[in-house]
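Please work through the following exercises with the sequence and the structure at hand. Each task is followed by a worked solution.

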Amino acid sequence: MSIESLTRGLRAELENGGLRGSFLVRDLHSGHELGIAPDVWYPIASLVKIPLAAATLERIRLGELDGSTTVEVLPGRITTPGPTGLSRFHHPARVALDDLLYLSTSISDGTAADALFDLTSPEEVTRLLRQWELHGITARHRIRDLADTPAERLEPTEVSLAHTLAITAGTTGNGHPVSQLDVTRANAGSARALVDLLQALWTPSDIPRSIGTRVRELMANNLLRQRLAPEFVSDASTWASKTGTLLNLRHEIGVVEHADGRAFGIAALTESRVAAANQPEADALMAWVARTLRDQLRRG
């Protein structure tokens, strides 16, 4: 089967499953890659916690921050399904910066991430990305802004209305009246840019080696493994990743490393046309598409 036929078939499968997606799989050593619409920009939701972690670690490396310093974190008191960790606490807690990095990255704790953003602003995160020659990702706002969507203002029984708005109200050029879904106002990036970030973290780059080592460890400890992980975890491979979810958006980026030494960076960014919060079929479909692209690239 030709590459064109393969990607055309995968696009059709995504369409039939109610998804539109942007995928890129890259052999991190050879640079060979295969994708579907990899340059389309998407709001990246919690994926921004990876550049946030790298930027925080850079400031620790430079002596501007101390990883052992504790900060008082106010509770998130969030009751809607999804958020984790401090976001669900009811009382203040004192947490060291190193531990906030774990909470933010490995269990996707939004309150922990915002405690880090209070120290290193979205603008500073973007500046450091550019310093490292990573130009396709822009951080614009804190994680708490992601909680201010129609889904949080409606009753749980009305969540489909929020998803219907997310699906139907978009404009050409990926604009949207919901600011978190508008690529000109949200934390945003493309599959290609996110794989570029993975490549910089896993192979020699302008990002200091110690930072890459720590971020890889945090991603390897990711507790949210319901999306791409089932297709990439085995006794002969490891999977380190970060998910991102917001309304009808379902994303994951990660690196699968095989026992034979090969490593593949993978980015899967999708939006669903199905007005439902829980869609395990969508997770399975995007994982299968990513796995199919990886298998083709590995054979090649």
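Predicted model: local features only at pLDDT ≥ 70, side-chain atom pairs only at ≥ 80, totals over all residues.

**Exercise 1.** Identify which residues of helix 9 are buried, and explain why they lie on the same side of the helix.

*Solution.* Step one: apply the cut-off for burial, under 20% relative accessible area. Ile211, Gly212, Val215, Leu218 and Met219 of helix 9 are buried. Step two: these residues cover an arc of only 125° around the axis, and therefore lie on the same side of helix 9. An α-helix has 3.6 residues a turn, so residues three or four places apart point the same way.

**Exercise 2.** State which elements the buried residues of helix 9 pack against.

*Solution.* The helical partners include helix 2 (49–61), helix 3 (97–106) and helix 8 (191–202). The buried residues also pack against strand 8 (237–246) and strand 9 (249–258).

**Exercise 3.** Describe the sheet that has the strand order 2-1-10-9-8.

*Solution.* Step one: five strands form this open sheet, with antiparallel pairing. Step two: strand 2 (33–36) and strand 8 are the edge strands, each pairing on one side only. Step three: from one strand to the next, the twist averages 10°. Step four: strands 8 and 9 pair in the antiparallel sense over ten bridges; Ala240 has Val255, in strand 9, as its bridge partner. Step five: helix 1 (residues 3–16) packs on the sheet, where it touches strand 1 (19–27) and strand 2. The direction of helix 1 makes about 40° with that of strand 2.

Definitions and conventions. Residues numbered from 1 in each chain as written. Heavy atoms only, no water. Buried < 20%, exposed > 50% of the residue type's maximum accessible area, 1.4 Å probe, protein only. Helix = DSSP H or I, 4+ residues; strand = E, 2+ residues; numbered from the N terminus. Arc of directions from axis to C-beta. Contact = heavy atoms within 4.5 Å. Pairing = 2+ DSSP bridges. Axes fitted to C-alpha atoms, helices over the stretch in contact; angles between N-to-C directions.
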